[in-house]
Amino acid sequence: MMTENAPPFGLEEDVLKQAARWFGDGKKVAIATVVKTWGSSPRPVGSQLVVNEDSSFVGSVSGGCIEGAVVTEALDIMTSGMPKLLSFGVSDAMAWEVGLACGGEIEVFVERLEI
Amino acid sequence: MKLSTLDNLLSEKERKLPCVLVTRLGDGHQVLWSEYANLSKTEFPEILADACRDALLKDKGCQFELADERYFLQVHNPPKRLLIVGAVHISQFLAPMAVMSGYGVTLIDPRGAWATQERFPGIPLDKRWPDEALADLAPDARTAIVTLTHDPKLDDPALEFALRSECFYLGALGSRKTHGKRVERLAAIGFGEADTRRIAAPVGLDIGAISPAEIAVSILAEMTLSLHGPRRKTI
């Protein structure tokens with residue numbers, strides 16, 4: 001069992017607990033979840049990344065390729081409250097910037113945590 | 001996600017109950033499903049409940065389409081478990097490494113001098129005799145068991161119990177020679193070849209491990225292989 005003093009490795013439990021902790025501290029929080037993958041995507045379906053309003057994040061949705069873009073979108077969604085389905089892949093228009101080096105494609109659902 | 005949904009989810013996880021968070025991708029509407037959730041059939045159609053059951057069984061999130069709506073099913077199974085018999089030097093590495101890998105770890109050793117919180121900070125210790133502890137911990141198909149005491153008095157009762165369980169991995173420390181004798185002892189009390197073949201021994205993948213930490217890596221690697229199977233095709 002995960003102990004309370006264990007460092008935040010970004011295990012599924014840690015990530016969601018961190019979301020609750022940040023929210024409890026009065027921070028805006030968004031949760032990003034990989035909801036579909038094609039090809040050799042680095043993280044499986046269900047992988048999560050939690051971001052707060054200071055752009056601090058735990059967990060991951062890729063091998064580091066698209067985290068920056070997801071954090072940027074997450075900051076918008078924290079304010080707007082509108083959840084969004086993001087797609088990333090080699091065919092993406094922004095591929096040069098945030099494409100997946102592995103050639104895989106993924107779909108990421110981003111939502112904010114709210115009362 | 002509503003805070004109440006997150007709170008419910010975290011509380012289900014704390015209670016080690018399997019559940020599925022169902023998200024309608026169109027608008028983000030969410031329902032936390034479990035066998036005990038008491039959802040009405042109109043609110044949560046049975047076909048979606050069946051998809052949740054299937055996802056839990058496969059331990060894999062997926063999308064589901066129903067009436068032109070896409071749903072994402074996020075699976076929350078209780079953590080896999082690792083039951084280590086023997087509070088030895090290797091265990092001091094294997095236990096925290098397994099925790100980092102997402103396992104719920106319990107360390108079993110009736111020898112008080114070995115199983116101390118000082119040697120195993122944060123790891124739950126069970127000081128009962130291995131077979132008694134295992135009977136109570138009820139290993140299932142999401143459980144790995146590793147015996148590391150190197151002492152038949154402690155390892156054998158654990159192996160006998162483990163062989164009657166559905167554990168997905170069973171590893172035992174000891175050389176080929178030690179394991180040969182162990183297999184003879186187990187055969188003498190009625191275990192067949194199919195049973196004893198389940199025991200990974202000498203324990204761990206052959207990566208030339210020497211130090212306790214390296215042996216722990218090889219064990220965790222072999223556990224992972226048992227769980228998922230190899231992926232790359234050999235040419």
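This is a predicted model: local features need pLDDT of at least 70, side-chain atom pairs count only at pLDDT 80 or more; totals for chains, interfaces and linings use all residues.

User: Now the two chains. How many residues does the contact take from chain B and chain A?

Analyst: Chain B puts in 33 residues and chain A puts in 29 residues. Between them the chains bury about 2400 Å², with 64% of that on carbon and sulfur atoms.

User: Which three residues supply more than any other three of the area chain B buries against chain A?

Analyst: Met1(B), Leu3(B) and Met100(B), which supply 22% of the area that chain B buries there.

User: And how many salt bridges are there across that interface?

Analyst: The rule finds 2 salt bridges between chain B and chain A. One of them joins Lys2(B) to Glu114(A), where the closest N and O atoms are 3.8 Å apart. As for polar contacts, 9 residue pairs are counted between the chains, both residues being at pLDDT 80 or more.

User: Which elements of chain B each supply at least two residues to the side that touches chain A?

Analyst: They are α1 (3-14), β3 (62-66), β4 (69-76), α3 (89-100) and β6 (104-108) of chain B. The most comes from α1(B), with 6 residues.

User: Switching topic: where is Thr42(B) found?

Analyst: Look in the loop between β2 (30-33) and α2 (46-58) of chain B. The side chain of Thr42(B) makes a polar contact with the side chain of Ser40(B), at 3.2 Å.

User: Why does Thr42(B) count as exposed?

Analyst: Because its relative accessibility is 76%, and exposed means over 50%.

User: What about Gly26(A), buried or exposed?

Analyst: Gly26(A) has a relative accessible area of 59%, so Gly26(A) is exposed. Its place is in the loop between α1 (12-24) and β1 (29-38) of chain A.

User: And what separates the C-alpha atoms of Gly26(A) and Phe109(A)?

Analyst: Those C-alpha atoms are separated by 23 Å, and the two residues are 83 residues apart along the chain.

Technical notes:
Residues are numbered from 1 along each chain as its sequence is written. Chains are lettered from A and ligands numbered from 1 in the order in which they are written. Side-chain values use heavy atoms; hydrogens and water are left out. Helices (H or I, at least four residues) and strands (E, at least two) are DSSP runs, numbered from the N terminus. Buried means under 20% relative accessible area, exposed over 50%, partly exposed in between (1.4 Å probe, protein chains only). Contact means heavy atoms within 4.5 Å. Buried area is the accessible area (1.4 Å probe) that two parts lose on being put together, summed over both. A salt bridge is a side-chain nitrogen of Lys or Arg within 4 Å of a carboxyl oxygen of Asp or Glu. A polar contact is a pair of N or O atoms within 3.5 Å; within protein, one must be able to donate a hydrogen and the other to accept it, and residues adjacent in sequence count only if both atoms are side-chain atoms.
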